[in-house]
Amino acid sequence: MTAQATSASSRSGALGAPGRPARRRDPGRKERILAAAAALGARRGFDAISMADIGAEAGIVGSGVYRHFDSKTAILVAMADRVMDRLMTRSAAIIAAGLDEGQTLTLLVRDHIEVALTDRDALAVYHREVRTLPEDERRRLSRAQRHYIEEWVHLLAPLRPDLANGEVRLAVHAAIGAIQSTLFFRSGLADERLTELLEGMAHGCLGTVPAGVSE
């Protein structure tokens with residue numbers, strides 16, 4: 001084969017068959033699949049939907065979903081990981097900023113509220129379906145959650161010296177539970193008002209006052 005022919009052949013392989021445009025990977029496809037699965041699962045229940053349903057919601061043929069996930073379980077794990085990674089990454093950045101305990105805790109509360117509102121469907125599905133995950137995945141995710149909660153506990157303890165260790169942990173769980181109550185109840189409130197109320201309720205559980213801090 002001549003160099004000219006080789007070059008032409010390479011271009012043909014890159015561009016696809018003559019007269020047919022080259023296929024380009026869709027970098028947002030995986031995110032669309034996760035968003036579609038979360039939305040459908042929140043509306044209809046995760047058990048009630050199929051891979052084909054998820055593909056149709058995402059605008060992808062059913063076989064296209066399998067290029068990214070081999071099962072609904074894999075999609076559920078990826079949804080949980082996506083939200084947990086988001087929380088862990090942001091909490092690490094907030095803590096690394098070196099603010100005092102009150103300011104740091106205030107930012108963690110606000111960040112958790114933001115995640116609960118923006119990833120509401122994924123979190124709701126995860127809470128309902130976590131029991132169906134393989135044991136090793138449940139344990140891994142549970143470890144990540146415990147680590148995240150410990151960050152809150154370490155910040156709250158010096159702010160509430162009147163509380164015993166178990167009481168501090170109870171306050172943290174109550175605050176996070178108050179925030180996540182929005183996953184299962186549609187108040188009809190605008191996000192701005194909902195954020196304001198949830199922040200006040202979370203700090204009420206913690207027994208703290210939101211610190212003045214710019215994000």
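Residues are numbered from 1 along each chain as its sequence is written, and side-chain values use heavy atoms, with hydrogens and water left out. Because the model is predicted, local features need pLDDT of at least 70 and side-chain atom pairs count only at pLDDT 80 or more, while totals for chains, interfaces and linings use all residues.

A nonpolar core is a set of buried Ala, Val, Leu, Ile, Met, Phe, Trp, Tyr and Cys residues joined through side-chain atoms within 4.5 Å. Buried means under 20% relative accessible area, exposed over 50%, and partly exposed in between (1.4 Å probe, protein chains only). The largest such core comprises 56 residues, and those with the most contacts inside it are F46, I54, I75, M79, W152, V172 and L206. Two or more residues come from each of α2 (29-44), α3 (51-58), α5 (72-96), α6 (101-118), α7 (120-129), α8 (135-159), α9 (165-180) and α10 (191-206). The largest contribution, ten residues, is that of α5. Helices are DSSP runs (H or I, at least four residues), numbered from the N terminus. Contact means heavy atoms within 4.5 Å. With neighbours within four places in sequence left aside, F46 contacts A37, G41, K72, I75, L76, M79, V125 and E129.

Helix α7 is largely enclosed by the rest of the structure, because seven of its ten residues are buried. These are R120, A122, L123, A124, V125, Y126 and E129. They pack against α2, α5, α6, α8 and α10. Not counting residues up to four places away in sequence, E129 touches F46, D47 and L76.

In helix α10, the end C-alpha atoms are 22 Å apart, in agreement with the 22 Å that its 16 residues should span at 1.5 Å a residue. The expected span is 1.5 Å times one less than the number of residues. The buried residues of α10 are L194, L198, E199, A202, H203 and L206. Seen down the helix axis, these fall within an arc of 155°, so they line one face of α10; the arc is that of the directions from the axis to the C-beta atoms. Their cover includes α6, α7, α8 and α9. On the face turned away from the buried side, α10 carries the exposed residues E196 and G204. After α10 comes G207, with a positive phi near 75°.

Side chains of opposite charge can pair when their charged atoms come close. The count of salt bridges is 15. One of them joins R82 and E31, with the closest N and O atoms 2.9 Å apart. This pair links distant parts of the chain, R82 in α5 and E31 in α2, 51 residues apart. R82 counts as partly exposed at 37% relative accessibility, and E31 counts as partly exposed at 39%. D121 and R186 also form a salt bridge (3.3 Å, N to O), with D121 in α7 and R186 in the loop between α9 and α10. Within α10, R193 and E196 lie three residues apart, about one turn of the helix, and form a salt bridge. R86, R90, D111 and E114 are linked in a network of salt bridges.

How values were computed. A salt bridge is a side-chain nitrogen of Lys or Arg within 4 Å of a carboxyl oxygen of Asp or Glu.
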